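Here's a quick briefing on how this fold is put together. Have a look at the model first, then read on.

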Amino acid sequence: MTKKNIFTRAIGFFNRMFLYLVHRAYAIIPLDEHLVVFESSLDFSDNSRVMFDYLKKNKPEYKLVWMLHGEKLPDNAPNIEVIHQFRTWHDVHVLSRAKYIFSTHVLGDLFHPRKDQMVVNLWHGIPFKGIKGHTPKKRTQFNLMMCLGEMNIDTTAKFVGCDRSLMRPWGYPRIDLLYSCRDVGRNNPFAPNDFTGRLIIWMPTFRKSVASHLSEDSCDSETGLPLLVHNKNLEEFNGFLQSINVVFIVKIHHLQSSKDAFKHNYSNIIFVQDPDISNRNLQLYEIIAKSDALLTDYSSVFADYMHMDRPIGFILDDLENYEKSRGEFLFNPITDVLCGFHIYNYEQLKEFCIEIAENKDTTKPLRDALINAMISYKDGNNCERIISNILM
């Protein structure tokens with residue numbers, strides 16, 4: 001490391017420490033009862049975005065500020081004040097005086113909530129798989145944390161590292177979109193023109209990640225997808241989908257490393273990434289809401305999709321390798337929680353697709369047996385419920 005780099009790092013460290021001390025000193029300054037700060041890992045998205053929109057529409061007396069990870073909000077975001085966490089004095093001023101803070105992740109260790117601040121962790125999906133070697137810290141950066149239902153309280157608290165007394169099964173704000181935007185798959189904005197068949201949204205979790213410490217490298221493939229691991233498999237599968245009039249929307253996880261397969265144009269397999277959605281001024285759950293079935297593997301999206309009461313398929317061909325790479329699942333056996341059509345080979349994948357094409361839902365009893373334990377509130381009122389419980 002050069003002397004210049006050492007000097008730059010030292011300056012950055014002392015700047016953060018100074019801002020941290022300023023942050024703690026704000027304890028003597030009154031909070032702004034109408035100031036609300038939002039954060040999400042992908043700026044202006046997910047649960048915090050839905051809560052932002054709700055407050056903007058229903059509580060105009062509140063001032064809304066977004067805390068960025070990047071340098072600016074997406075082009076389609078409204079003209080609002082933005083800050084970063086502990087970069088400038090103004091950042092500290094806003095973050096330390098806000099009465100309410102909504103986040104989808106754990107805020108940095110430098111942040112310590114003031115006595116009367118209400119910091120709500122909206123999170124981003126039920127934790128049900130571990131991270132190998134991950135030992136959660138004891139978290140004190142929030143007052144409340146959202147989950148879906150009683151079944152998720154202990155697993156979420158364990159994964160995040162907080163006391164179960166902070167958990168509230170009031171639901172995730174983004175689920176409200178599954179109710180307000182609910183429609184059949186042929187009306188999905190990414191469906192082909194004049195499409196009249198059935199649409200399945202496929203949401204695989206990432207294998208080889210852009211974040212190296214999260215990669216499941218033992219599960220990587222030419223396509224970055226499970227089961228259909230070679231480009232020739234995708235070509236064959238596309239022909240099959242054509243024959244039964246089914247379209248797949250493959251939503252690529254934002255942590256998945258890029259693959260050439262994602263750039264290929266198929267007639268019945270459409271790859272969609274986050275910029276494709278944001279460029280249309282849409283949110284992910286507006287896309288998910290317009291589908292006839294979900295296909296996933298080890299993604300927590302299945303629990304949210306249970307609100308749709310539509311078929312769910314799980315590709316589990318690499319279950320053993322995935323668990324070895326990722327770490328133990330928080331539910332054991334994990335297959336008891338995956339309430340849908342279990343797929344271990346290509347023929348079973350085709351069987352699932354044929355069921356959807358024929359409007360069958362043979363695994364509905366599995367969802368019905370689990371949903372009351374998994375989800376406390378089966379409605380589209382999560383934002384309203386959260387706000388009515390916390391706003392003074």
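Strand 8 (residues 198-202) and strand 11 (residues 293-296) run parallel, joined by 3 bridges. Within that pairing, Ile-200 has Ala-293 of strand 11 as its bridge partner. The model is predicted, so local features need pLDDT of at least 70 and side-chain atom pairs 80 or more, while totals for chains, interfaces and linings use all residues. Numbering starts from 1 along each chain as its sequence is written, and side-chain values use heavy atoms, with hydrogens and water left out.

- An open, parallel sheet of 6 strands has the order 10-9-8-11-12-13; strands are DSSP runs of E, at least two residues, and helices are runs of H or I, at least four, numbered from the N terminus.
- Strand 10 (269-272) and strand 13 (341-343) are the edges, each pairing on one side only; pairing takes at least two DSSP bridges.

**Helix 12**
- Arg-367, Leu-370, Ile-371 and Met-374 of helix 12 (residues 364-374) are buried, meaning under 20% relative accessible area with a 1.4 Å probe, protein chains only.
- These buried residues fall within an arc of 120 degrees seen down the axis, so they line one face of helix 12; the arc is taken from axis-to-C-beta directions.
- That buried set packs against helix 4 (150-160), helix 9 (301-305) and strand 12 (312-315), with contact meaning heavy atoms within 4.5 Å.
- Pro-365, Ala-369 and Asn-372, on the other side of helix 12, are exposed, which is over 50% relative accessible area.
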